[in-house]
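Hi there,

Here is the structure I promised to pass on. Please have it open while you read, as my notes follow below.

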Amino acid sequence: MATGRTHRPATRSRGIPEATVARLPLYLRALTALSERSVPTVSSEELATAAGVNSAKLRKDFSYLGSYGTRGVGYDVEYLVYQISRELGLTQDWPVVIVGIGNLGAALANYGGFASRGFRVAALIDADPAMAGKPVAGLPVRHTDELESIISDNGVSIGVIATPAGAAQQVCDRLVAAGVTSILNFAPTVLVVPDGVDVRKVDLSIELQILAFHEQRKAGEEPVPGAAAAAAGAAATAATTAGRPRAATGGRKGPDGDVPAVMPA
């Protein structure tokens, strides 16, 4: 069985843009649902709708894979499932370790989608001695003292960090030193890693804050009651509305561009 240490996905060597790579799992999820319903072919428009993208972008993305579909027929669902799975490296075994088995770590360990998508949870690791040996999702929790040997013995190249923020960087450093080259970070902090190490960050609070920002914007765009009255009254109402205080939304830059000032550092 191949492991993550000896086989790497072909996407980078083939020059597939990162934005396209980020959309491939969306296509795969939609295609897998079609496959489970025994749908043999799908048009670009149907698949784009199911994946939540526009059809022109989908066709461009698939052109990087060498898939152009058949006019009047569409794309072969099973072949696309295989092709995208191969590009994402999901046709082989990827052993993963989860570090930090609190509520979130335990929930991740119990997530049934890992195995069906090519990821095998090789070990659950926690710094609390009281957790050592306790079964979670059918696996005994291992102490962090064993981290390096676990990674070496299982050929692990992907680590998941679900620790408190204060412990995340130290855990990250140990994972990288032991040979992990890809990290999924759930801790609410930014990790510093050397070149050659990929980090994907999942922060639910930031996603909620972004939604709150859009909700605030939508609330500010709601029509003022009585705006259909006489022009003078409507102008006065608009002037009153314009004078209301609003939360600041600009002023500093973040790694992804402009960040609202109400967002935490």
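Which element gives the largest share of the lining of the largest pocket? That is α1, with nine residues.

Before the rest, a word on the ground rules. This is a predicted model, so I kept local features to pLDDT of at least 70 and side-chain atom pairs to pLDDT 80 or more, while totals for chains, interfaces and linings use all residues. Residues are numbered from 1 along each chain as its sequence is written, and side-chain values use heavy atoms, with hydrogens and water left out.

**The overall picture**

The protein has ten helices and eleven strands; these are DSSP runs, H or I of at least four residues for helices and E of at least two for strands, numbered from the N terminus. Of the 265 residues, 35% are buried (buried means under 20% relative accessible area, exposed over 50%, and partly exposed in between, with a 1.4 Å probe and protein chains only). The protein exposes about 15,400 Å², and carbon and sulfur atoms supply 57% of that area (Shrake-Rupley method, 1.4 Å probe; for residues, only the protein chains shown count as cover). Among contacts between residues at least 6 apart in sequence, 57% join residues at least 24 apart, where a contact means heavy atoms within 4.5 Å.

**The largest pocket**

Back to the pocket: the space in the largest one comes to about 1,900 Å³. A pocket here is an open set of points on a 1 Å grid over the protein atoms alone, where a 1.4 Å probe fits, with protein on both sides within 12 Å along at least five of seven lines; lining residues have an atom within 4 Å of a point. Grid points are joined across faces, edges and corners, and the volume is the space filled by probe spheres set on the points. The largest pocket is lined by 40 residues, and those closest to its centre are Pro 25, Leu 88, Leu 90, Phe 119 and Arg 200. Besides α1 (18-36), the elements giving two or more residues to this lining include α4 (77-87), β3 (94-99) and β9 (198-201).

**Salt bridges**

I count seven salt bridges, each being a side-chain nitrogen of Lys or Arg within 4 Å of a carboxyl oxygen of Asp or Glu. Here are three of them.

- Glu 148 pairs with Arg 174, with the closest N and O atoms 2.8 Å apart. Because Glu 148 lies in helix α7 (residues 147-154) and Arg 174 in helix α8 (residues 165-178), this pair ties together parts that are 26 residues apart in sequence. Glu 148 is partly exposed at 33% relative accessibility, and Arg 174 is partly exposed at 25%.
- Lys 218 and Glu 215 meet at 2.6 Å, N to O. Both sit in helix α9 (residues 204-220), three residues apart, which is about one turn of the helix. Lys 218 is partly exposed, with a relative accessible area of 46%, and Glu 215 is partly exposed with 46%.
- Glu 146 bridges to Arg 142, and the closest N and O atoms are 3.0 Å apart.

Thr 144 is found in the loop between β6 (139-143) and α7. Is Thr 144 buried or exposed? Thr 144 counts as buried because its relative accessibility is 11%. Leaving out residues up to four places away in sequence, Thr 144 touches Ile 125, Asp 126, Ala 127 and Arg 174.

**Aromatic pairs**

The whole structure holds three aromatic pairs (ring centres of Phe, Tyr or Trp, its six-membered ring, within 6.5 Å; planes under 30 degrees apart count as stacked, over 60 as edge-to-face and the rest as tilted). One of them is Phe 62 with Tyr 75, edge-to-face at 5.1 Å centre to centre and 85 degrees between the planes. This pair links helix α3 (residues 55-65), which holds Phe 62, to strand β2 (residues 75-76), which holds Tyr 75, across 13 residues. Phe 62 and Tyr 75 are both buried, and together with Tyr 27 they form one aromatic cluster.

**A buried cysteine**

Lastly, Cys 172 is placed in helix α8 and is buried, with a relative accessible area of 0%. Cys 172 touches Ile 161, Ile 183, Leu 191, Val 192 and Val 193, again not counting residues up to four places away in sequence.

Happy browsing!
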